[in-house]
Amino acid sequence: MRTVVVVPLTVACAIFLQNVSSTALGTALPAVAASLDEPVLRLHLAITGYLLSLAVFLPASGWIADRFGARLVFQTAIGIFSLGSLLCGLATTFEGLLAARVLQGFGGAMMVPVGRLILVRSVPKHELVKAWVLMTVPAQVGPVVGPLIGGALTTYVSWHWIFWFNLPVGILGIALAAAFFQDVREEVRRPFDPAGFVLSGIGLAALLFGIDAWTTETMPQGMALLAIALGAVAGTLYVFHARRAAHAIIDLRLLKIQTFRVSIVAGALSRIGAGSLPFLLPLLLQAGFGYSPLQSGLVTFASAAGALGMRGLVAKVLRRTGFRPVLIWSALVGGLSIAACAMFAQSTPVTVMVTVLFLGGVVRALQFTSVNALAFADVSSSEMSHATSFSSMVQQLSLSMGVAVAALVLHHSKGDSGSIPPGSFSLAFLVVGAAAASSILLYRTLPAHAGEELAGRLTKRGERG
């Protein structure tokens, strides 16, 4: 029981650190720019630099954990992330801040996937859903409370405390890992794949950089598209490389496992919808309806409240119904809850918006906890390290794609004055909501018994309970 509670909560510290740090900085960028005497658009590179570092090192996280031991790597990763946070707060120049953010990205690339690896190797499969609930709720809450924390610290203290806020959480995570984590690692160590590391690093970094530049318009659109094309070419070359390599750094053979494949692909479609909300909602409420950042944050917090409210029910629902019905219905209702935001208008009562967002948070907590756990239902112990890094990589890309799709719709709907018509937000919500709902088509291909051991629907004799 201690493992089922302490391990996921410790990993949750790492996820919370990463999510809050990323989202809080966006709120504080104007204050940081003024403090460092830099243009706001240039300061956006502090966010991009973190994403690029994350993308380059994410694929190697599984191999590093197997080589040096997951507990040591997890503690080191939190330490590196915390050191980067300290240096970010101490930065007095743009260059210093950017270097510290790159260091944070290196730590973050190992922190979350290695934490998940420890979780799936430490917790029995029939207890994995309960453990995953404890781990993922902070992940869903972090992007919502991040802007609130960032706005409050920037307003009432200073922007430096956005980064220093991470230090006590990081120290707690290191201490808990030292006390309760097993030093899980694979006995048979696979050789490193340098060619795959280079190709995947270039591909992922170029894709994320191009998507970010395209959506934020921090560079000419042609250059952004060129970066995306470079990423696509490097990714294609990696696929050819992985087919021949005996120990590819991103093991594409995992996609032959149906539960893993459906979790990865359908989960990516769902995250396109979920990833767009932290971008679309504050923009609609602030630029469209004239809400203050604090008012906007309080409304969008309803989604996090819904996720918290679902925490104790996920395992019970899965045990009663199984994965397939839960994923089909949660994908449908989750997609509709996103599309329902298209109806928000200046005259819409706050209670209506809060209700829609709360219900959406409930359903997405159920969906993402389920689909994340299902990914490891049929993955062997020897494949776990590759599976966790693969899963983390796709999640990061799909969340970025959510912002890109929403921004693309808004960009092509701008008026001559550069303003965004209210109808453009409605169209964006409908598009990303449809993307999220389309995951139903993949969830329907799952067999009725998929993940039954995880759901606790098998008796000790292996029969359905």
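Guide: Asp-66 is buried, at a relative accessible area of 9%; buried means under 20%, exposed over 50%, and partly exposed in between, with a 1.4 Å probe and protein chains only. Its partner is Arg-121, and the two form a salt bridge with the closest N and O atoms 3.2 Å apart. A salt bridge here is a side-chain nitrogen of Lys or Arg within 4 Å of a carboxyl oxygen of Asp or Glu. Asp-66 sits in helix α4 (residues 61-68) and Arg-121 in helix α6 (residues 94-122), so the pair ties together parts 55 residues apart in sequence. Helices are DSSP runs (H or I, at least four residues), and strands are E runs of at least two, numbered from the N terminus. Arg-121 also counts as buried, at 18% relative accessibility.

This is a predicted model: local features need pLDDT of at least 70, side-chain atom pairs count only at pLDDT 80 or more, and totals for chains, interfaces and linings use all residues. Residues are numbered from 1 along each chain as its sequence is written, and side-chain values use heavy atoms, leaving out hydrogens and water.

The structure holds three salt bridges. Arg-190, Asp-251 and Arg-253 are linked in a network. Asp-251 meets Arg-253 at 3.0 Å, N to O. Asp-251 also pairs with Arg-190, the closest N and O atoms being 3.8 Å apart. That pair links distant parts of the chain, 61 residues apart: Asp-251 lies between α11 (221-244) and α12 (258-288), Arg-190 between α9 (166-180) and α10 (194-216), both in loops. Asp-251 is buried, at 6%. Arg-190 is partly exposed, at 23%, and Arg-253 is partly exposed, at 45%.
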